[in-house]
Amino acid sequence: MILYDYILSPSCYKVRLMAALIGAPLELRPVDFHPGKEHLGEDLLALNPAGSIPILVDGDLILSESAAMLAYLAGQYAPDWLGEETATSRAMVQQWLAFAHRLTAALGGARLVEMLHGQGDLEALQTAGIAALRELEAALFKRRLDGGTWLVGESITIADVACFPYVALAPDGSISLDPYPSIRLWMRALRGQAGFVEMPGIHRRHELAPDPLTPAEGA
Amino acid sequence: MIDAWYPVGLISGLTREGRETLLMEQPITVRAGKTGKPEVVTADGRSLPIVERFGHVWTSLGTPEKDLFTIPEADHPERVLVDVGVVRVKCSPLRAVENFLDIAHFPFVHTDILGAEPHTEVEKYDVKIREEEDEVWATKVKFFQPQAAKSAEEGITTEYMYRVPSPTSSVLYKTCPPRPGEWDVICLFVQPLTETLCDVWPWMALFDEDTSMTDLIHFQQLIFLQDRSILENQIPARLPLDPGMETPTRADLTSIAYRRWLKQHGYTYGAELVAQ
């Protein structure tokens with residue numbers, strides 16, 4: 001399985017993260033997205049006429065939507081990550097995968113403008129991004145009241161992986177995550193998953209230093 | 001500082017219609033002229049002086065007294081020259097340079113690449129403001145690194161030299177794994193947009209025949225983007241030139257010399273002058 005990858009792309013990171021969390025093998029093929037614009041070159045346009053990355057190639061199968069890649073990886077290696085086999089659960093996973101597109105457009109758009117000389121109406125992108133974050137915060141807060149940690153069901157699913165990167169990188173687009181405690185707890189839980197990998201701007205979770213008020217063991 | 005040279009774009013990225021940007025709050029347009037040569041003009045139509053060097057277009061709002069610095073090592077024909085691109089950072093241009101000069105943050109920010117716990121000690125090194133060249137130099141800097149360069153397979157102790165030849169540029173020379181005895185050259189060229197906003201143009205001249213250009217670009221972008229979130233959260237936003245709330249340690253000798261050199265020259269664009 002080959003992933004056409006760019007180290008700074010949150011959408012590519014989604015797929016790298018998913019593969020790392022479930023232990024799926026992934027061969028990376030770096031694409032010179034910036035400054036080279038290789039994704040708009042002949043070879044990659046032949047693979048994906050949309051001119052976007054990531055692209056996942058497995059034999060004859062070519063995928064150009066990151067949500068489809070998450071579903072494919074989970075289907076192959078960790079079917080539990082697709083959610084429970086109920087109509088509600090399946091629908092909710094789809095709901096969040098679609099919601100992730102809003103995060104990409106708004107938070108990702110603001111990040112491109114602020115960081116990599118992208119074009120766009122920064123204020124409009126930030127406003128849309130904040131609206132999406134508030135919606136996510138409300139949903140996760142409700143989940144916590146019901147004793148849940150993840151977006152859908154009792155365990156982590158591809159919905160969480162799909163929404164995580166652009167949310168975690170919101171500060172790159174000058175959008176603070178300080179007002180969203182439930183989002184921060186959810187991100188913390190995700191960063192604590194076995195196999196978690198980082199990307200620039202998303203740091204690994206540091207071990208907590210010992211509580212100075214708790215006597216050390218054996219002391 | 002107005003008479004210094006600043007990078008304003010990649011030569012390879014020039015277009016006829018040009019790109020609008022800022023240099024110390026002045027709107028400028030960087031474009032390819034009729035002959036393909038770069039031109040930089042201000043909003044009121046003034047043409048600014050130009051130097052094409054290290055893959056970038058350099059200009060100045062003032063009257064530079066001397067030519068842009070050179071890097072003789074980078075002229076070796078076998079070196080791979082890497083245009084890394086641009087990253088915008090909401091920080092003082094001086095803070096961007098100062099962070100580049102710091103070794104002590106490697107294990108914590110570039111974990112498992114440029115440093116790793118418990119190898120956090122910065123050994124004694126030499127720092128000097130070279131009067132003749134009017135540059136800041138740090139030499140004999142040694143640090144243990146798990147993966148010092150794209151071409152490094154395993155952890156090695158890397159030797160570094162740091163050089164600040166102009167207020168917002170820094171050149172780093174580091175041990176070159178495939179060619180003992182030579183130095184890899186890694187530069188940070190900073191374009192000051194405002195006192196607290198900058199465009200950073202990393203550039204490299206390496207000996208590396210095996211790694212693809214894309215991999216080299218990605219390695220450097222990875223490293224710099226790890227710094228970006230740290231840089232945007234430093235307080236105060238402007239670089240303090242006088243000791244105050246910040247307490248330097250031995251490992252910060254280069255930073256202290258850099259700040260002293262900035263102060264000597266009155267290079268204060270992006271600096272905090274009143275101690276906090």
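Reply: In this predicted model, eleven residue pairs are in polar contact between chain B and chain A, both residues at pLDDT 80 or more. A polar contact here is a pair of N or O atoms within 3.5 Å; within protein, one must be able to donate a hydrogen and the other to accept it, and residues adjacent in sequence count only if both atoms are side-chain atoms. On chain B, the elements that give two or more residues to the side touching chain A are β8 (87-89) and α3 (213-231). Of these, α3(B) supplies the largest share, ten residues. By class, that side of chain B has nine charged, eight nonpolar and seven polar residues. Ala, Val, Leu, Ile, Met, Phe, Trp, Tyr, Cys and Pro count as nonpolar, Asp, Glu, Lys and Arg as charged, and the others, Gly among them, as polar. Element names refer to DSSP runs numbered from the N terminus: helices are H or I with at least four residues, strands E with at least two.

Two notes on conventions. Residues are numbered from 1 along each chain as its sequence is written, while chains are lettered from A and ligands numbered from 1 in the order in which they are written. Local features need pLDDT of at least 70, side-chain atom pairs count only at pLDDT 80 or more, and totals for chains, interfaces and linings use all residues; side-chain values use heavy atoms, with hydrogens and water left out.

Now the extent of the interface. 24 residues of chain B are in contact with 22 residues of chain A, contact meaning heavy atoms within 4.5 Å. The two chains bury about 1,900 Å² between them, 56% of it on carbon and sulfur atoms. Buried area is the accessible area (1.4 Å probe) that two parts lose on being put together, summed over both.

Next, charge pairs. Three salt bridges cross the interface of chain B and chain A. The rule asks for a side-chain nitrogen of Lys or Arg within 4 Å of a carboxyl oxygen of Asp or Glu. Over all chains, the structure holds 22 salt bridges. R228(B) meets D172(A) in one, at 2.9 Å from N to O. E114(A) forms another with K90(B), and there the closest N and O atoms are 3.6 Å apart. E114(A) lies in helix α4 (87-116) of chain A and K90(B) in the loop between β8 and α1 (93-101) of chain B, so this pair joins two chains.

One is open, with three strands in the order β2-β3-β4 and antiparallel pairing. Strands pair if DSSP finds at least two bridges between them. β2 (19-23) and β4 (38-42) each have a single partner strand, so one side of each is left without a neighbour in the sheet. The twist averages 30° from one strand to the next. Axes for such angles are lines fitted to C-alpha atoms, for helices over the stretch in contact; angles run from 0 to 180 degrees between N-to-C directions. Five bridges join β2(B) to β3 (26-32) of chain B. Within them, E20(B) has T29(B) as its bridge partner.

Another open sheet of chain B has three antiparallel strands in the order β1-β6-β5. Its edge strands are β1 (6-10) and β5 (50-53), each pairing on one side only. β1(B) pairs with β6 (56-59) over four bridges, and P7(B) stands opposite W58(B).

In chain A, β1 (2-5) has two pairings to follow. Three bridges link β1(A) to β3(A) in the antiparallel sense, with L3(A) partnered by L56(A). Four bridges join β1(A) to β2(A), which run parallel. There the partner of L3(A) is L28(A).

Most residues other than glycine have a negative phi, and most peptide bonds are trans. I53(A) and P54(A) are joined by a cis peptide bond, omega about 5°. P54(A) is in the loop between α2 (42-47) and β3 (55-58) of chain A. In chain B, the bond from E117(B) to P118(B) is cis, with omega near 5°. P118(B) lies in the loop between α2 (106-109) and β9 (126-130) of chain B. K37(A) is not a glycine, yet has a positive phi of about 55°. K37(A) is found in the loop between β2 (27-30) and α2 of chain A.
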